[in-house]
Amino acid sequence: MGYKIAVIPGDGIGPEIVKQAQRVLDAAAAKYGFELGYTSLLMGGASIDANGVPLTEETVSIAKASDAVLMGSIGGDAKTSPWYQLPPNLRPEAGLLGIRKALNLFANLRPAYLYEELKAACPLSDEVIGDGFDMVIVRELTGGLYFGERHTEMVDGLRTATDTLVYNENEIRRIAVKAFEIAKKRRKKVCSVDKANVLDSSRLWRAVVEEVAKDYPDVELSHMLVDNCAMQLVKDPGQFDVILTENMFGDILSDEASMVTGSIGMLSSASLNETKFGLYEPSHGSAPDIAGKGIANPIATILSAAMLLRYSLDQDEAANAIENAVKQVLSEGYRTTDIASEGCTVVGTEKMGELIAERV
């Protein structure tokens, strides 16, 4: 059986970490008897340099014709990169927003799991960590403030900016269904996060989520205001199973959750549409300050590749093998610099990929 994978190496450390994810994917494919064909595409800063725009129709077309997309990080240093002298619609991140919209990737899944071997890297105390935590943040990805109408104008002699937060009930319902379906396969708990004490959009969000919950009587639903959730993530992260939230809140909370795990370099991500198609990327940025040094942590991208196998290709055994290989490498004491602790063996990007591939 063969699959077509579109690969967007991206910018900064993106090409380095994607190379190792492909290496691990190839090891899993060889072991479990399927084939992967890759097509390399440009997006973000690399596309700006080559094409003058962060996302081309060709990239979108090839991605749509693929079974899944594996992507590295995009963007550069906002202070020094010429990409950030361009209008906002021509900057690297516009490509990411554009491909999410073009591929209808409305559901973003970000697992946050504390590996036993990395407890020392977690900034929280042992008392707070307890037995660890294992959560998934399900973030709506194509609506809300990031996609609403926006403009800047002069009002009474003052520069005034307006951003519009819009959600309709169908957008809320479909992401809520994703969250409840995921919760059914986990610990059967959904915490819906909003700002219903202030925002009309959140009040609609809460009402629709409660309607969806009626179809899942075996899943426990709770609600939490976003400011309280931000506090609870560092006070008692173990209480969460599936966190369901809108676009901007999810953007912020998922980054907070990643640092609670000890390193954003460990956090994978999947963006899905209503079929099995998805785009898989690490949650961290392009880290241009360490690009080319061979020290970037590829594990988040490798774990994203495992999610690709599970959610888009239905290769669950291969996905489990990759996740277990990551755990084995960590248990053997190997670390990249961002998760290193006393007594471990520090390795670079390529060596970490090699070690995980060998243990698949």
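## Helices α10 and α11 and their surroundings

The axes of helix α10 (residues 299-311) and helix α11 (residues 316-331) come within 7 Å of each other and cross at roughly 160°, where axes are lines fitted to C-alpha atoms, for helices over the stretch in contact, and angles run from 0 to 180 degrees between N-to-C directions. α10 and α11 are therefore roughly antiparallel to each other; angles over 145 degrees count as roughly antiparallel, those under 35 as roughly parallel, those from 65 to 115 as roughly perpendicular, and the rest as oblique. The model is a predicted one, in which local features need pLDDT of at least 70 and side-chain atom pairs count only at pLDDT 80 or more, while totals for chains, interfaces and linings use all residues. Residues are numbered from 1 along each chain as its sequence is written, and side-chain values use heavy atoms, with hydrogens and water left out. Helices (H or I, at least four residues) and strands (E, at least two) are DSSP runs, numbered from the N terminus.

The crossing in which α10 passes α11 is left-handed, a word used if the near helix is turned anticlockwise from the far one by less than a right angle, with right-handed used if it is turned clockwise. On the α10 side the contact is made by Ile299, Ile302, Leu303, Ala306, Leu309 and Arg310, and on the α11 side by Asp316, Ala318, Ala319, Asn320, Ile322, Glu323, Val326 and Leu330, contact meaning heavy atoms within 4.5 Å. Of the residues in this contact of α10 with α11, ten are nonpolar, one is polar and three are charged. In this division Ala, Val, Leu, Ile, Met, Phe, Trp, Tyr, Cys and Pro count as nonpolar, Asp, Glu, Lys and Arg as charged, and the others, Gly among them, as polar.

α10 has 13 residues and reaches 18 Å from its first C-alpha to its last, close to the 18 Å expected at 1.5 Å a residue, the expected span being 1.5 Å times one less than the number of residues. Eleven of the 13 residues of α10 are buried, so it is largely enclosed by the rest of the structure; buried means under 20% relative accessible area, exposed over 50%, and partly exposed in between (1.4 Å probe, protein chains only). Among the buried residues of α10 are Thr301, Ser304 and Met307. For α11, with 16 residues, the span should be 22 Å, and its end C-alpha atoms are 22 Å apart, which agrees. Its buried residues are Ala318, Ala319, Ala321, Ile322, Ala325, Val326, Val329 and Leu330, and what covers them includes α1 (14-32), α10, β13 (334-335) and α12 (349-359). α11 is followed by Gly333, whose phi is positive, near 95°.

Some single residues complete the picture. Asp314 is placed in the loop between α10 and α11 and has a positive phi of about 60° although it is not a glycine. Asn104, in the loop between α4 (92-102) and β4 (107-113), likewise has a positive phi, near 55°, in a residue other than glycine.

| Residue | Relative accessible area | Class |
|---|---|---|
| Met1 | Met1: 67% | Met1: exposed |
| Asp314 | Asp314: 45% | Asp314: partly exposed |
| Asn104 | Asn104: 29% | Asn104: partly exposed |
| Glu140 | Glu140: 0% | Glu140: buried |

Met1 is found in the segment before β1 (2-8), and, leaving aside residues up to four places away in sequence, Met1 touches Gly33, Phe34, Glu35 and Gln315. Met1 and Gly33 are 32 residues apart in sequence and 7.6 Å apart in space, C-alpha to C-alpha. Glu140 has its place in strand β5 (residues 134-140), and its contacts, again not counting residues up to four places away in sequence, include Phe106, Tyr167, Arg174 and Trp205. Cys344 lies in the loop between β13 and β14 (345-346) and, under that exclusion of residues up to four places away, touches Gly333 and Arg335.
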